[in-house]
Amino acid sequence: MRRLWQPQPTSDGRGKLIISRDPPGARMDAFEEDVRAAQRLLEERYGPSVRRRISEIAERLISLHMENRIKINHSIMEYVLAAHLASKGYRVELEYPLANDLVADVMAWRDGKSLIIEVETGFTSPENALDPQAYLTARAISKIARYSPHADRFSLATPAHNILQIPRTLLKPASARRPVEIQLLKSLCDQYYRTPEIAVEKLSKMRLHAIYVINVDLLEVVRLSPRRYLEKYGDLCPSLQQIRRYVEASLRRRVACEHPTT
């Protein structure tokens, strides 16, 4: 005879007993609640043509969350972007494994061509409290250099409230980049990425095809070409002169830490 589940008393951590009337696993945590809410809104926005894919992506996100591999703020942006791409006829996968232990935030295919999109939220850790702009610039460079060889097209995505710290030289055609500029970008990356270092060859060949701006509140996605992004936000993107100053400031901080004054 199968034993029926009975409500069990639990503690709230302060000595007060609470009777839970939900079987184990029956209640959704905050992550799943947010994903399900987004799923309903996305299905309503895009209609039956991509409803099945929107549902499948939700299940994928919840599964990854149960494995402690993703967080909600980043994942919701991936979800909104994936639904947008699916509505444009792309086959989409999230957290897609690549070579060299890389994992693409969003991998998509259409008409025999592949697309990788990395979502950048603009987050910096306390470790970079004194150098957030330099760190975010190096991060943008490293993302483009490491991920763009793995697909026919590579793009970055960011929420509407963030300005990507993409060096202005990378928003121009690759043919316009000079060796001295590439070497400067490497010098900055070497401050943050040493295991492994990012090779000059990757920096020379890296490609950025588009920037996707995500408005999570309204479930809207706008695609901008690098040239258009430069026209709109170029004044807020780091120039080569600023990057040179980032490198110099980093070297000064390192010397100060290795040889503190007494």
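This is a predicted model: local features need pLDDT of at least 70, side-chain atom pairs count only at pLDDT 80 or more; totals for chains, interfaces and linings use all residues.

Reader: Which residue follows H1, and is its phi positive or negative?

Author: That's Gly-47, and its phi is positive, near 80°. Numbering starts from 1 along each chain as its sequence is written, and side-chain values use heavy atoms, with hydrogens and water left out.

Now the helix itself. H1 covers residues 30–46, 17 residues in total. (Helices here are DSSP runs of H or I with at least four residues, strands are runs of E with at least two, and both are numbered from the N terminus.) From first C-alpha to last, H1 reaches 24 Å, close to the 24 Å expected; the expected span is 1.5 Å times one less than the number of residues.

At the N-terminal end sits a cap: Asp-29 has a side-chain oxygen 3.3 Å from the backbone nitrogen of Phe-31. That's a polar contact, meaning a pair of N or O atoms within 3.5 Å; within protein, one must be able to donate a hydrogen and the other to accept it, and residues adjacent in sequence count only if both atoms are side-chain atoms.

Then there's the question of which way everything points. Buried (under 20% relative accessible area, with exposed over 50% and partly exposed in between, using a 1.4 Å probe and protein chains only) are Phe-31, Glu-32, Val-35, Arg-36, Ala-38, Gln-39, Leu-42, Glu-43 and Tyr-46. Because they cover an arc of only 165° around the axis, they end up on the same side of H1; the arc is taken from the directions from the helix axis to the C-beta atoms. The general rule is handy here: an α-helix has 3.6 residues a turn, so residues three or four places apart point the same way. Over on the other side of H1, Ala-30, Arg-40 and Glu-44 are exposed. As for the cover over the buried residues, it includes H2 and H3, with contact meaning heavy atoms within 4.5 Å.

Most residues other than glycine have a negative phi. Asn-68 is exposed, at a relative accessible area of 71%.
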